[in-house]
Structure formats: C-alpha cells, structure tokens
Amino acid sequence: MKKIGEGWYYDVFDLENDRVLKKRKDFTSIAAKFDKAFFLRGIYKWFKGYNYAVKCAWATGRMKERIKKSFELAKILGNPVFVSDTNYEQDKVRIIADSLSGILEEDKKIIDSYIKSIFVCWENAFSDRIYNFSINNGYNSWNDLILIDFNEVTFLKNEVLKDILEKRWEKSWSAKQIDQKLQNYYFEQMALQITPEALNKYWRQFYPVK
C-alpha cells in the first residue's frame with residue numbers, strides 16, 4: 001500500500017481500486033505541525049494546535065454518525081467507510097489544483113462547480129470553514145466534485161454566517177495560489193453567491209444540534 005499524500009491530520013494511501021485509505025496522525029504530531037506553522041512561537045501555540053486537532057477529531061466523529069443516516073451525504077464526501085474510529089476509506093479523486101488548466105474560461109467553470117458544492121453541503125446542514133477549495137475538493141471517477149476533507153467543518157449555521165460576513169475565503173491558502181484573473185473571478189462570484197440570503201435559502205437543519 002503506497003503512501004500518496006498527507007494533510008494536517010491524515011496520511012493517505014492508495015488502495016489501487018479507485019479508493020484511498022486515510023490514517024489519522026496522532027494528536028501530538030498534528031500539534032507539532034501547528035507549532036511550525038506558527039513559526040515556533042512557544043508552548044501556547046502547541047496547545048492551541050492540539051486543541052484544534054481535538055476539535056477536528058470531534059467533527060470527524062460527528063460526520064461519521066451522520067453518514068450512516070444519509071446516502072446523499074456519503075456521496076458528496078466521497079463515500080467514506082470507516083475501518084476504525086478514526087481511519088476511513090474514501091473515493092480517490094483528482095484534486096481541483098490538478099484540474100485547473102490555466103485556461104481562464106475553463107477554470108471559471110471549476111469555480112462555478114465549487115460554489116454549487118458549497119450549497120449542497122449547506123443542504124446537508126454543514127459547511128467547510130477553511131475554503132481551501134483547490135486541495136480539499138476533487139473529482140472522482142464519475143467526475144463528481146466532492147469534499148474530501150471533512151474534519152474542518154461546522155454544523156452551526158451562525159458560524160457559517162460569521163465566515164460569510166468576514167469573507168473567510170479571501171484569507172485561504174488556496175485563494176493565494178491561483179492566478180490573479182481567476183482569483184478576481186473567484187472573489188467576485190463568492191461575494192455574489194455566498195451570502196446570508198443564500199445561506200438562509202439552502203441551509204437545512206436535518207439533524208438536531210447536540
């Protein structure tokens with residue numbers, strides 16, 4: 001089983017059947033990454049990273065329970081199947097970063113698809129809060145755009161509203177990686193479509209908040 005990638009929280013292994021296995025790193029390893037990300041500013045940042053990792057693990061666990069109740073939810077997350085409390089298999093994808101062609105009109109279509117996928121998440125009562133669209137989303141073998149990293153999500157509508165009002169997507173890593181013309185289009189369309197009004201239109205609270 002070949003390791004083909006890693007993120008903040010998971011190492012990714014190719015199962016060679018259009019599926020991958022994601023193995024979660026231990027909390028101390030995750031916290032150490034946060035320590036480096038914040039330029040080694042001391043023990044406070046380490047614990048901040050550790051606590052954030054715990055929060056993300058909670059989000060993953062909660063999503064695990066919701067997936068059991070919704071085929072539609074499982075589909076938009078790449079049909080994850082948990083093989084332990086924390087590790088899971090998932091559809092293999094071609095991430096958006098590898099799908100961008102450099103042709104503006106074609107890449108605009110990918111941005112449009114990403115925005116539509118945000119609405120689909122809202123219809124399932126959750127939202128990504130990081131907006132690293134180019135690495136946390138990808139196309140599966142059926143060319144469906146799915147969210148592959150669901151550990152940094154919120155199930156609270158008021159938190160989504162806060163992110164909208166702050167235009168959280170403009171601060172994301174992904175936004176800084178695309179060329180200026182595509183970035184302009186991205187910011188323009190997000191401002192036009194990712195609004196409080198759209199949130200009220202699409203948000204569906206299917207599950208009780210605990």
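Predicted model: local features only at pLDDT ≥ 70, side-chain atom pairs only at ≥ 80, totals over all residues.
Author: Residues are numbered from 1 along each chain as its sequence is written, and side-chain values use heavy atoms, with hydrogens and water left out.

Reader: What makes residues 180-193 helix H8, and what span is expected?

Author: Helices are DSSP runs (H or I, at least four residues), as strands are (E, at least two), numbered from the N terminus. H8 has 14 residues. The expected span is 1.5 Å times one less than the number of residues, and H8 reaches 20 Å from first C-alpha to last, close to the 20 Å expected.

Reader: Which residues of H8 are called buried, and what do they pack against?

Author: Buried means under 20% relative accessible area, exposed over 50%, partly exposed in between (1.4 Å probe, protein chains only). Among those of H8 that qualify are Leu182, Tyr186 and Phe187. The buried residues of H8 pack against helix H5 (104-123) and helix H6 (133-136), where contact means heavy atoms within 4.5 Å.

Reader: What makes E6 and strand E8 a pair?

Author: Two strands pair if DSSP finds at least two bridges between them. E6 and E8 (residues 137-139) have two bridges, in the antiparallel sense, so they meet the definition. Arg94 stands opposite Tyr139 in E8.

Reader: Why is one side of E6 and of E9 left without a neighbour in the sheet?

Author: The open sheet has the order E6-E8-E9. Strands E6 (94-95) and E9 (145-147) stand at its edges, each with a single partner strand, so one side of each has no neighbour there.
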